[in-house]
Amino acid sequence: MNKNDICEIIIEDMGKDGEGIGHVDGMTVFVKDTVVGDRATVKVMKVKKNLAYARLMEIREPSPYRVTPICEKAVQCGGCTLQHISYEKQLELLQNHVKNCLTRIGGLKDAEALMEPVLGMEEPFHFRNKMQFPVGTDRDGTPQLGFYAGRTHSLIPLSDCPVGHPVNRVILQAVKEYIREAHVPVYDEEKHEGLLRHVLTRVGFGTGQVMVCLVVNGDRLPEEDLLVEKLRTAVDGTPVERTFEDGVISDRTPGNGTGKERPQDGRPLRLASVCMNFNTEKTNRILGFHSRVIFGTAVIEDTIGDIRFEIAPESFFQVNPVQTGKLYGKALEYAGLTGEETVWDMYCGIGTISLFLARKAKKVYGVEIVPQAIGNAKRNAELNGFQNTEFFVGKAEEIVPKLYAEDPDRYRADVVVVDPPRKGCDSELLSTIASMSPKRLVYVSCDPATLARDIAILSKEGFVVEKVATVDMFPHSMHVETVVLLNNKFAKVKDFVQIGIDAEDYYRIKDSEKDTDE
């Protein structure tokens, strides 16, 4: 196989980035924008030793799972890599991806038997409560907002996005009008010139509060009052219809098979915060480290279940509020709390999981590296009246071992919950968790590969996987959240050691029980 060869291929599987996988003359070939079951003509673009990458030329026989994307920019945009696949098939792909990682990387022989049915959405559109729109210009120099094309910084102009809250449509229009009327210079990332870089939006699905944050390469915006006026006119009390039909958003989501209203339908929206974030560095990082309020408050509020949270522009808060309730509910279920447990929530963010746990735990400790997030966590605990929580700033792999070494009785753990970043848990933290010997460990993960790697490490320390739940937090992509319950088979050993029976005696007792049972 050589570059520029034209081949016919049948797509047999899907990769972790949503690309189709097939074989030609024994060579594995990756093809973007294809679906399992497609028979297609492709052009080879790159050839390596054992695999190749090809571009789709023609669908000769479409897969039964292929659907027409609702968004006309879905192929160009780097966000929805699976929108051309039926939602039912998307869920199956996510479940298989998690299973394969647990089997191949985690070494689980019975992964499928441990997995509960995947938790998907009834309405897999307009679910995101946070959006970040880069600002640029089109070929004529006209300011535009949109998204970058996949793996590039080429701007795709958009007037709306089917996975974001529909209020973004009127916000984008208002910001474009403000840019034009106030003559706001748009940022040029190559020259590091211009003012307006990004527009970030947050929507409280449970409260109707809306935040708009403009990221600037400077320290001020021209005519700030004009910006606020346009945003308030656009957002406050505006009836926002729902989805795409002939270029207009309607009150139903076509193509998903349900037609039901979303939970936030009918709730009046209110512009609660307009702020400016300062980022004057030549960097791909979106947000800078400081912000200033232009209008309203520095935070908005949202709810998950009956718990209320304050959210700042920089706060980490799950972007899908409908599925977040399912995700945290599953974590709470797996924790198996009775009201007598001490729980550690490691990588706690603004305390979202911590507060869910605090409702049924005796004590919850949380740790997070971002100082502002811990400030939010403490405030959120106060906001909801929790007095059984305590939060620490720092790296989990440094704070937890230090505190546990100083006072193992106080900082012990009956249950540990971890929700690490994509890279997974630090090895020293895993070692500390093992030495604390909690009865249960609940691992919440946004990357099945690093989750599986850490499970393999924990299994050597006596932790056994009991249940696995897959939650589709990001419909139309291969990103997935997973919750795993691990029981500690050595936890009871420590209980026996405390009353004078060593580990060898414990296993001899258990062996005799087994013989009796048989």
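Student: Which residue of S24 does Arg440 stand opposite?

Tutor: Arg440 faces Asn487 in S24. Bear in mind that this is a predicted model.

Student: How do I read the pairing of S22 and S24, parallel or antiparallel?

Tutor: Strands of a sheet are joined by backbone hydrogen bonds, in a parallel or an antiparallel sense. Here strand S22 (residues 440-445) and strand S24 (residues 481-488) run antiparallel and share six bridges.

Student: In what order do the strands of the open sheet lie?

Tutor: The order is S20-S19-S18-S21-S22-S24-S23, seven strands with mixed pairing. Strand S20 (389-393) and strand S23 (463-471) are the edges, each pairing on one side only. On average, neighbouring strands are turned by 15° against each other, direction ignored.

Student: Which helix packs on this sheet, and which strands are touched?

Tutor: Helix H9 (residues 427-436) does, with contacts to strand S18 (342-346), strand S21 (415-418), S22 and S23. The direction of H9 makes about 175° with that of S18.

Student: How many aromatic pairs are there, and how is one described?

Tutor: A ring pair is described by the distance between the centres and the angle between the planes. The structure holds 10 aromatic pairs. One of them joins Phe392 and Tyr411: the centres are 6.1 Å apart and the planes stand at 75°, so the pair is edge-to-face.

Student: Where in the chain do Phe392 and Tyr411 lie?

Tutor: Phe392 is in strand S20, while Tyr411 is in the loop between helix H8 (396-406) and S21, so the pair ties together parts that are 19 residues apart in sequence.

Student: Which charged residues sit over rings?

Tutor: Two cases can be given here. Lys89 lies over the face of Tyr65, 4.1 Å from the ring centre. Arg197 has its charged end over the ring of Tyr187, at 4.2 Å from the centre.

Student: Which residues of H4 are buried, and what do they pack against?

Tutor: In an α-helix there are 3.6 residues a turn, so residues three or four places apart point the same way. The buried residues of H4 include Leu227, Leu231 and Val235. Its buried residues pack against helix H3 (167-182) and strands S11 (209-216), S14 (270-278) and S15 (290-296). After H4 comes Gly237, with a positive phi near 70°.

Methods:
Residues numbered from 1 in each chain as written. Predicted model: local features only at pLDDT ≥ 70, side-chain atom pairs only at ≥ 80, totals over all residues. Heavy atoms only, no water. Pairing = 2+ DSSP bridges. Helix = DSSP H or I, 4+ residues; strand = E, 2+ residues; numbered from the N terminus. Axes fitted to C-alpha atoms, helices over the stretch in contact; angles between N-to-C directions. Contact = heavy atoms within 4.5 Å. Phe/Tyr/Trp six-rings, centres within 6.5 Å; stacked < 30°, edge-to-face > 60°. Lys NZ or Arg CZ within 6 Å of the ring centre and 35° of its normal. Buried < 20%, exposed > 50% of the residue type's maximum accessible area, 1.4 Å probe, protein only.
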